[in-house]
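Hi,

Here is the structure I said I would pass on. My notes follow below it.

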Amino acid sequence: MTETTPRDAAPTRPAPPATAPDDTPPAHDPHPLPGARTHEHLRNFPPVENWDHHVEYDAKAHPRKVPREYMLVPTTCFNCESACGLLAYVDKDDLSVKKVEGNPAHPGSRGRNCAKGPATINQIDDPERILHPLRRVADRGGGQWEQVSWDAALDDIAGRIRQAILDGRHEEVTYHVGRPGEDGFAERMLQAWGVDGHNSHTNVCSSGARFGQTLWGGFDRPSPDHSNAKVILLFSSHLETGHYFNPHAQRIMEGKGAGAKLVVVDPRMSNTASHADVWMAPWPGSEAAILLAIASHLLRTRRIDEPYLRRWFNWETYLAELHPDADRTFEAFLDRLEADYAGYTFAFAAEESQVPVERIEELASLVADCDHRLSAHIWRSAAAGNLGGWQVARCLWFVLALTGSIGTRGGTSPNGWNKFIPHGPDVPAHDHWNPLVWPGEYPMSTNEMSILLPHFLQEGRGRLEVYFSRVFNPIWTYPDGFTWMKTLSDPEKVGLHVALTPTWSETAEFADYVLPVGHATERHDTHSYETHAAKWLGFRQPVQRVARERLGRPVGDTRDTNPGEVWEENELWFDLSWRIDPDGSLGIRRHFESPYRPGEKVTVDEYYRWIFENRVPGLTEKAEAEGMSPLQYMRRYGVVEVATDLYRQDERTLSAAELEGTVPDEQGVLRKPTDDDSVPPLIGEAGAVGVRHADGTATAGWLTPSRRLEVYSTAMRDWGWPEHTTPGYIRSHIARSEIDLDAGDLVLVPTFRLPTLIHTRSGNAKYLNEIANSHPLWLHTRDAQRHGVVTDDLVRLSTAIGYLVARVWVTEGIRPGVCALSHHMGRWRLHETEGSRWVQGLVDITHPDGPDSWKLRYRGGIEPFESDDPDSERIWWNDPGVHQNLAFGVQPDPWSGMHCWLQKVRMEKAHSGDRYGDVYVDTARSREVYRQWLAKTRPTLGPGGQRRPEFLMRPVKPRRRAFRVDDGAQPPRTPDPGPQEGGASG
């Protein structure tokens with residue numbers, strides 16, 4: 001506990017008189033905000049000097065003019081990965097939050113928000129939110145709870161973790177996170193504990209795209225410069241209607257306004273596609289064939305940036321590995337590259353994609369004329385849906401490289417050039433490798449193989465002593481949710497399940513503790529995302545706490561100002577870590593001691609004060625210019641712009657300090673000796689700082705083993721996939737040749753999202769649920785005619801492990817042969833007292849055909865209910881949706897580990913007795929599907945017994961020695977998959 005020190009109390013400017021607001025906005029702002037574009041832009045926002053005392057009329061009192069006095073406190077949104085800036089309007093009478101709007105100081109969102117930002121107020125005021133720690137008092141899923149103190153809960157949890165560490169059972173502690181909403185804090189905590197237990201949702205989200213992009217340059221995301229592009233190429237609308245929706249949507253429209261052509265490749269007519277100059281709706285999974293046809297065209301016509309390719313491709317390795325008899329010249333490389341891709345013709349792509357050849361030629365012509373200004377993006381969609389989907393991302397970067405559009409103004413950069421992560425006072429290290437998270441079958445997964453955790457536990461690969469699900473809902477979000485339910489119900493498999501969540505979820509019903517954590521206005525976090533060609537650092541903060549401190553009122557911890565006993569996670573983790581290591585004997589506690597008060601527990605103010613003073617370039621100078629400390633500056637503005645106009649960072653000249661002591665290898669990679677002498681350095685990875693080119697210049701380069709863009713991947717060769725060392729096309733498990741339309745087969749797309757919903761966390765946001773509250777199955781007119789169904793008819797969709805019952809919407813907005821269900825809906829609760837009645841229906845779960853059969857059926861939809869919020873009695877919608885993911889078996893891509901979401905389904909009219917929302921699953925069949933997909937892997941150790949390439953991203957990365965197995969160890973054996981029924985073909 002600590003009081004705010006004078007050093008960190010935000011200075012205040014003189015407050016204007018508390019009078020009614022002036023109806024005329026100022027013509028200029030005497031205090032321009034950091035990140036704001038123009039004074040005209042600021043006319044829509046209260047001037048910063050009034051943020052401590054802003055007066056405006058109460059909208060609810062209209063037509064009377066009743067002035068209200070507010071304090072405006074910046075924070076950031078927690079409702080998607082954009083982390084857009086918010087301003088919370090804190091009523092000065094009672095310090096309650098009345099509304100949240102955009103923060104004009106934020107360089108990513110620039111004062112604008114989508115619907116999800118203002119809906120934060122619903123989450124704060126939700127009458128059904130969890131306000132106190134709860135402990136289960138009956139069987140998991142039984143719906144019986146008792147309120148307990150934080151001390152009782154944390155003592156129990158800490159005791160179990162401490163004992164597991166003392167026993168050497170570090171791998172039995174797992175922290176499973178959905179949307180992190182922060183950068184680095186949780187990883188640092190786990191590293192301090194010595195626990196390799198970080199588990200994320202990445203392999204149901206973005207593993208495919210990450211892997212394909214990482215193989216090129218070592219960075220796992222693109223950062224498109226849409227505003228300055230000549231051609232904007234988007235594969236699906238996912239990013240532009242979900243992640244980064246608001247910052248990217250702004251810049252896409254700016255690009256279009258300046259003349260850019262917008263191309264959307266998506267089998268569904270999305271909101272983004274409706275704005276496109278070209279909408280191409282290919283057969284799902286064929287996107288890589290289209291991109292390779294474009295690449296082949298560029299090579300044939302030599303519409304390529306030859307100087308860029310000569311300098312940055314590892315073309316000498318390509319020739320040595322694939323054409324050892326060819327001349328070692330760049331000209332020979334281009335000739336061989338052209339010949340190697342000659343088979344990817346427009347006609348081939350048209351056949352695979354079921355798109356007219358003229359449309360593909362049109363797209364190729366647009367790309368060829370992009371003038372180094374091709375901004376492109378892929379995240380989920382094709383990369384997340386298909387076996388080998390990562391090749392779509394790899395082929396996209398191939399096209400970007402050929403056109404010379406990587407890192408250019410109006411082109412596409414890697415995310416690391418536009419993202420900034422400041423680390424805490426120290427970076428703990430550990431030596432553990434958790435095979436439940438990083439199994440040997442998937443040495444190149446990006447990242448953790450979390451979808452397989454319940455199957456690993458069921459087949460005896462290990463157990464969990466403590467499992468944290470943090471603002472995450474795997475029973476609902478993940479495929480094969482009944483297997484998750486079965487596993488989380490078994491205390492022999494999971495000793496203690498702790499759900500950290502602000503609201504009820506399907507998974508929280510099966511926890512032992514439910515601990516309330518904060519929303520966007522109730523917690524501290526730092527984060528940074530690649531919204532445009534710049535770097536910024538956002539600061540989320542508990543606004544009521546900040547308001548109290550501005551008024552000079554002391555605060556112990558965030559529970560003093562949050563509703564009920566809601567606690568922010570950072571303070572929670574500080575406290576829990578001290579309880580795990582109360583005397584410091586485990587070496588954990590020292591990582592959570594104050595950098596200013598040796599031996600005492602760090603406070604959240606001290607933690608961020610240290611980061612802002614020591615890790616953020618330019619922040620101290622900006623703060624001093626305004627008479628503030630760095631922490632005061634971040635509390636005042638909620639963000640700092642770290643750098644602008646960032647292009648071609650691969651060409652950054654290395655400094656003398658960086659070059660000191662380096663030695664180039666035969667590829668020109670410049671490397672310094674590593675601190676870990678127990679493992680020999682690996683070429684192009686450990687200690688590498690850059691690359692020396694043939695012309696003698698030394699630049700930062702890329703993060704691959706060669707420090708170049710790898711058109712030939714030595715990692716793919718070394719880990720057992722020589723046939724996939726270059727950009728290529730892997731035919732999907734739902735390719736057109738795999739689907740028998742006449743027999744009733746279709747491809748189900750379950751991954752598209754709506755811009756107004758938030759995975760499971762929009763359940764308690766009434767504004768959002770009133771906007772989007774139905775869950776139709778998109779079905780093309782031709783498919784509807786073939787099946788004899790019309791809009792609102794019920795149909796049964798059979799999958800590899802069961803079936804679901806959905807309601808049809810007939811539309812021309814989706815390509816024939818494909819149907820689609822948004823992934824937001826299908827929310828349910830088992831008990832009246834658990835859940836969010838704004839969105840969840842009551843269900844029964846039964847076993848009609850034995851213990852391996854599971855059936856979910858609604859016994860009630862969405863209905864008005866009584867609460868402290870009168871709007872709950874005005875609910876007019878009633879559709880809870882279909883929980884489709886329950887009916888999907890796990891389908892992990894053998895390379896990236898990505899769950900291949902797209903489903904081959906058999907459609908028929910609903911059977912007698914079927915009801916809307918029914919889901920039936922045979923978990924014995926789901927085990928068979930798991931084994932079939934596991935059999936596609938090639939468990940392999942790399943050079944020197946490496947478990948995994950070091951240059952690939954890995955959360956909670958251990959010391960280098962942990963990357964090697966003991967001498968003589970064998971790669972893991974994949975279990976016999978049994979009969980090969982169904983499954984996917986390559």
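Predicted model: local features only at pLDDT ≥ 70, side-chain atom pairs only at ≥ 80, totals over all residues.

Strand β19 (residues 534-540) pairs with β20 in the antiparallel sense, over 5 bridges. Pairing here needs at least two DSSP bridges between two strands. Helices (H or I, at least four residues) and strands (E, at least two) are DSSP runs, numbered from the N terminus.

Residues are numbered from 1 along each chain as its sequence is written, and side-chain values use heavy atoms, with hydrogens and water left out.

The sheet is open and has 3 strands, in the order β18-β19-β20, with antiparallel pairing. β18 (525-527) and β20 (639-644) are the edge strands; each has a single partner strand, so one side of each lacks a neighbour in the sheet. From one strand to the next, the twist averages 10 degrees. Angles run from 0 to 180 degrees between N-to-C directions, and axes are lines fitted to C-alpha atoms, for helices over the stretch in contact.

Helix α23 (residues 630-637) packs on the sheet and touches β19 and β20. Contact means heavy atoms within 4.5 Å. The direction of α23 makes about 100 degrees with that of β20.

Now a helix pair. α4 (residues 185-193) and α20 (residues 569-580) pack at about 0 degrees, with axes 11 Å apart. The two are therefore roughly parallel, a label for angles under 35 degrees. α4 contributes F185, M189 and W193 to the contact; α20 contributes N570, W573, F574, L576, S577 and I580.

Best wishes

Note on methods: Parallel < 35°, antiparallel > 145°, perpendicular 65-115°, else oblique.
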